[in-house]
Each structure stands twice: as C-alpha cells, then as structure tokens.
Amino acid sequence: MSHTVLIDPILLSKVTKPVRYVGGEWNSVVKNHDDVKLTVAYCFPDVYEVAMSHLGLRILYALLNERQDVAAERVYAPWPDMEELMRKEGYPLFSLETKTPVREFDMVGFTLQYEMSFTNILNMLDLAGIPIFSKDRGDDMPLIAAGGPCAYNAEPLADYIDIFLLGESEESTQLLADTIIQWKEAGKPGGKKGLLKTLAAQQGNYVPAFYQPTYDAAGNFKALTPTEPEAKEHIEKCVVADEEQGDGHREQLADVEPGVVREPAKAMRLLLKRFQLANHPHHAAPHQQAEWQEEPPPAQGMMHVDVVRNVGNQS
C-alpha cells in the first residue's frame, strides 16, 4: 500500500505558485494503487509550466492510464523555494495525482528533452530519497528509466539510469509495462538484474550496466562492449509501426507543409526527427487528416483547431 505525502497548506501557501504542487487538473487520472499491477511515475525534470506544455508527456500518460492494470502519475521538479521547504520539513518528492512518494513507484521514468535538465534529474532522485548511482540501488528501489531525444547520447547519465529507451515510445511503452508486470507476477525472478536482462533483449533498450567502455591511451572513448549475452552490440531504435493507430489525435495541433498535414503530436518533434533521429518523418493518410480537423476529441476544453506552418525546414 502506498503512502501519501501530507503537506501543511499554511507552509504551501508561502511558496511561489503553490498550484504547481496540488494537482487535480481537468482530465488528470487518479487510481488506487492497490487496484493496479504496475505504478509509474512519469517525471519531467523541469518546473510545472514547462512540463505541462510537453505533448509527449500527455501521450504516454494517456496511453498508460488507458490500461486497467497500470497507474501513471506525473512528477515535476519543484521550484527552489519549494525544494527548500521540502528538504527542511522532510517532504520527499511526490506525484501530483495521489501525492505518493516517488520512491514507492514500481518504475520512475524521466524524459530527456535537453541536456541542461540532467542535473535536475539527479536532484529529483536525491529529493525522492533514491540513491543517485544505479549501482547503489537495490531491488527495493524503483526501476529508473529514461527516454526522449537526448537518450541518443546516453553516456553522461549512464551511471545513474538503469535503462534507456531509444526511439518512439507509443508502442514500446506497452511492451515495457507488460514485461514488468509479467516479471512481478512470476515472483521477480533474478531480481532487478533479471528484469533488466529481459528488457535488454528487446528493441530500443540500452542497459548501461551491461556494457564495458574502452578507451585509448589518451583517454578518448573507443567503444562499448556488451558484458551480458542479452545486451546487443548494436541497438536499433523503436519507430511507431502504425501511425493511424497512434494517439497524436488527442492534441489538436496540425503542422502544415506544402500539401501535407502531419499527425499533430508528432509535428512538434518533426524537425528533431529529421536531423537527429535518422530522417524518419511521419505522414498521415488524407482521411485521417480530415478527421483530426473536423472531429476534435470531446471534453478537452478546446474551442478551435490551430494550424501552424513549420518554417524550420522546407524539405
């Protein structure tokens, strides 16, 4: 059974924008942890305003919470005044939905959107009471995962993250959840290392602990050598196979280029895909384009559909 962090409302009123920490937003999902098989803390290592504007977070949050056996909750980095209060009063980092301490979740996932947030990840782990280095975390600690654009350069965080998820996560997240649940129901064979071995054999997963780096005489990095049979020498990123079955239609933002309307949520990361993720843009079928424009999802508080022009690339 999970516990709840109870913060004195008088103390909370003394920090900047206390609404950042209370939750209860429209369409947020609250589940009883005793009724699910997997709990996930989805962490964005930045302040609330920045994190809530990220479309990828909304997609994965919705995908996981559509499942009856998974509870996914949001966690953001506190502003310095709130962090000071939390450390002074002994409040651990907690989720917005149920105020559950982060360290009590089965998995803690970080999105890596920009390198400047890396130090926030370490600070959030420390604030949660989770050992920063992966080698210091036992089986009683949650699995620490990370994905997003900056996961393609994982080595700066290799000592701190249990597993990196490379590529698009709309489909691979489901496999990840299924794998963890199966491992738990089987009695957690092999402990966390046993789980990581299973995950390492799946597409797009990089487990730093299963690789040995080598350097030349000058100290320059040369290569990573797998130390476990499940670890792959070359890791292939995940790409969404069925674009029309994706959940981008939940966000009514259409990116328009000459003659093309792309899947709304994917539009926000289109340029990054082209220049960093091996040139794999997504194109929506014409009938799907029309549906996105004519039938916005209900109960989203949206009054219109914005059509934007992607001016960063003309290819």
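Predicted model: local features only at pLDDT ≥ 70, side-chain atom pairs only at ≥ 80, totals over all residues.
Let's start with the helices. Helix α4 covers residues 80-89, and helix α5 covers residues 118-128. The two pack at an angle of about 30 degrees. Their axes are 11 Å apart. How do α4 and α5 run relative to each other, roughly parallel or roughly antiparallel? Angles under 35 degrees count as roughly parallel, so α4 and α5 are roughly parallel to each other. The crossing of the pair is left-handed.

Which residues make that contact? On the α4 side, take E83, M86 and R87. On the α5 side, they meet N123, D126 and L127. By class, the contact residues divide into 2 nonpolar, 1 polar and 3 charged.

A reminder on helix geometry. An α-helix has 3.6 residues a turn, so residues three or four places apart point the same way.

Now stay with α5 and look at burial. Its buried residues are F118, I121, L122, M124, L125, L127 and A128. L127 is on that list, and L127 also takes part in the contact with α4. What covers the buried residues of α5? The cover includes helix α4. It also includes four strands: β1 at 38-44, β2 at 70-76, β3 at 107-111 and β4 at 143-147.

Step just past the end of α5. There sits G129, with a positive phi of about 80 degrees.

That brings us to phi in general. Most residues other than glycine have a negative phi. Two residues here are worth a look on that score. N27 is not a glycine, yet its phi is positive, about 75 degrees. You'll find N27 in the loop between α1, residues 9-12, and β1. Its relative accessible area is 39%, so N27 is partly exposed.

K188 lies in the loop between α6, residues 172-185, and α7, residues 191-200. Is K188 buried or partly exposed? Relative accessibility is 42%, so K188 counts as partly exposed.

Last stop, P213. This proline is in strand β7, residues 211-215. P213 has 27% relative accessibility, so it counts as partly exposed. What does P213 touch, leaving aside neighbours within four places in sequence? The contacts are F221, A223 and L224. One distance to finish: P213 and T225 are 12 residues apart along the chain, and their C-alpha atoms are separated by 6.3 Å.

Terms used:
Residues numbered from 1 in each chain as written. Heavy atoms only, no water. Axes fitted to C-alpha atoms, helices over the stretch in contact; angles between N-to-C directions. Parallel < 35°, antiparallel > 145°, perpendicular 65-115°, else oblique. Left-handed = near helix turned anticlockwise from the far one by under 90°. Contact = heavy atoms within 4.5 Å. Nonpolar A, V, L, I, M, F, W, Y, C, P; charged D, E, K, R; others polar. Buried < 20%, exposed > 50% of the residue type's maximum accessible area, 1.4 Å probe, protein only.
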